[in-house]
Amino acid sequence: MLRPTASLAAVLLAATVAAAAAPSASPDPKSLLVADGDQTRARELVQKLGSEQYAEREAAEQALAEMGRLARAALLDAVNNDASPEVRTRCQGLLPRATSLEMKARLEVFLADTDGKFDHDLAGWTQFRELVRTTHTVLGFPVRTDPALDGAARTMFAELVASPANRHLLFAIGGQQAELGSLAAARQQELYSQKYPRAVFVAGGVVRPPAARRDPSLADVVTLLLAQHQAGASFVPPRSAPISVLVTSAGLNQAINTGDARGRVCRAVLTAWFETRQDPMDQYNAMTLAGNLGMPEVSCDLATRLLRNKAAVASYRSMAATTLVRSGTKAHLPALEDAMDDKAVVFTVRRAAPGKPGEIEANEIQLRDLALVVGLLITQQNPTDYGFVDQYGKGVGAGGANFNYTRFFIPEAKRDEAQAKWKEWRAKAP
């Protein structure tokens, strides 16, 4: 059975809509309602598609084609329910154009509603608008709620739908998440391949030179982030096409830091995308990307999630701790304390044994040690006061400039004492 949303998504790539042009359509979606007389005529013509007379079948098909979008409901109903194979086949052939015209009309009405007075049944738009309006939280604290951004969101969405490839993604939103995830993964790889085109080997040993390099547009990346957010866990990123490269080359960094309404819309989409990262590698890459984009609060939020993610390798969790040294606050202490009983080995320090010439001693840096060190630094305490050895012998600079996760280690004999001292301090300074 063909569903309306599935049929729409199947033909969006063929729809040619000048999204940036000022439409002359009414801004009221009610203007798209099909009159009862047109609906009746379309149904009658559909029945004639099963006529015993060839000429009558051909004439009915031509008339339905001329009705365009006005016949879409009757065509869709016949494709799904008519008993005649002839009727179903002919309606199936007419349906893509009628659907394309329907989508063109909906987009024109949407673009005409510049004041945002009406609700529009346009796949992707509702999700995009609500995402921009949503209050995003970091560590339980609200960081954004912008229902006033509807105008800027509308303008941005018009920019997104101007591209056929982006429309193909946008109007798959609301359908099957697995399908959307596959489309988003393919689109990410496509954008990456356009940015880094390769030579192609063809028959006879001939090498076709790479196509001209093309950076993704801001609309390309915002659409991709929205689709991945909506696909959720069903999206599996292509490992050969890191999204950070696309984000940084599309000018998103400049956009989100302008402070204007357009930039705030982009920031809302990006923040929502960050919130949906679940895979350890995705969380690690997203944490790094957020830091590079000047979003320390988001980077720290991802760091706390990564630190608590026991499925993540120790090196990722160690880098999360390093991120917290540089940008974290006391609000992040609960996440660090969650890791203070984790004995996963992060690094092994090998050095000359004190007082034992020629001997080498090995000291493990465990995740619980690292978590404690970060907690101490965030609370402006000196790790050496807790028994840690500073391999560099110098204080950690402002903003953790001289810190890395291999810097401090603690002898096994002093580990329990350090943990007890921390708990004692925390009881006095919760």
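Rings of Phe, Tyr and Trp, the last represented by its six-membered ring, are taken as a pair if their centres lie within 6.5 Å. In this predicted model, a search of the whole structure on that basis returns 10 aromatic pairs. One aromatic cluster is formed by F110, W125, F128 and F157. A further ring, that of Y386, has the charged end of K421 sitting over it, at 4.7 Å from the ring centre.

Two packed helices are described by the angle between their axes and the distance between the axes.

Helix α6 spans residues 125-133 and helix α13 residues 261-275; their axes come within 8 Å and cross at roughly 95°. Because angles of 65 to 115 degrees count as roughly perpendicular, α6 is assigned as roughly perpendicular to α13. On the α6 side the contact is made by F128, L131 and V132, and on the α13 side by V265, A268, V269 and A272. The residues of this contact divide into 7 nonpolar, no polar and no charged. F128 is also a member of the aromatic cluster, together with F110, W125 and F157.

Helix α7 (residues 150-160) and helix α10 (residues 218-231) have axes that come within 9 Å and cross at roughly 100°. The two helices are therefore roughly perpendicular to each other. M156, E159 and L160 of α7 meet L218, A219, V222 and T223 of α10. By class, 5 nonpolar, 1 polar and 1 charged residues make up the contact of α7 with α10.

For helix α2 (residues 36-48) and helix α3 (residues 54-67), the axes come within 8 Å and the crossing angle is roughly 150°. Because angles over 145 degrees count as roughly antiparallel, α2 is assigned as roughly antiparallel to α3. The crossing in which α2 passes α3 is left-handed. Contributions from α2 come from D38, R41, A42, L45, V46 and K48, and those from α3 come from E56, R57, A60, A63, L64 and M67. The contact of α2 with α3 comprises 7 nonpolar, no polar and 5 charged residues.

Definitions and conventions
Residues are numbered from 1 along each chain as its sequence is written. This is a predicted model: local features need pLDDT of at least 70, side-chain atom pairs count only at pLDDT 80 or more; totals for chains, interfaces and linings use all residues. Side-chain values use heavy atoms; hydrogens and water are left out. Rings of Phe, Tyr and Trp (its six-membered ring) pair if their centres lie within 6.5 Å; planes under 30 degrees apart count as stacked, over 60 as edge-to-face and the rest as tilted. A charge sits over a ring if NZ of Lys or CZ of Arg is within 6 Å of the ring centre and within 35 degrees of the ring normal. Axes are lines fitted to C-alpha atoms, for helices over the stretch in contact, and angles run from 0 to 180 degrees between N-to-C directions. Helices (H or I, at least four residues) and strands (E, at least two) are DSSP runs, numbered from the N terminus. Angles under 35 degrees count as roughly parallel, over 145 as roughly antiparallel, 65 to 115 as roughly perpendicular and the rest as oblique. A crossing is left-handed if the near helix is turned anticlockwise from the far one by less than a right angle, and right-handed if clockwise. Contact means heavy atoms within 4.5 Å. Ala, Val, Leu, Ile, Met, Phe, Trp, Tyr, Cys and Pro count as nonpolar, Asp, Glu, Lys and Arg as charged, and the others, Gly among them, as polar.
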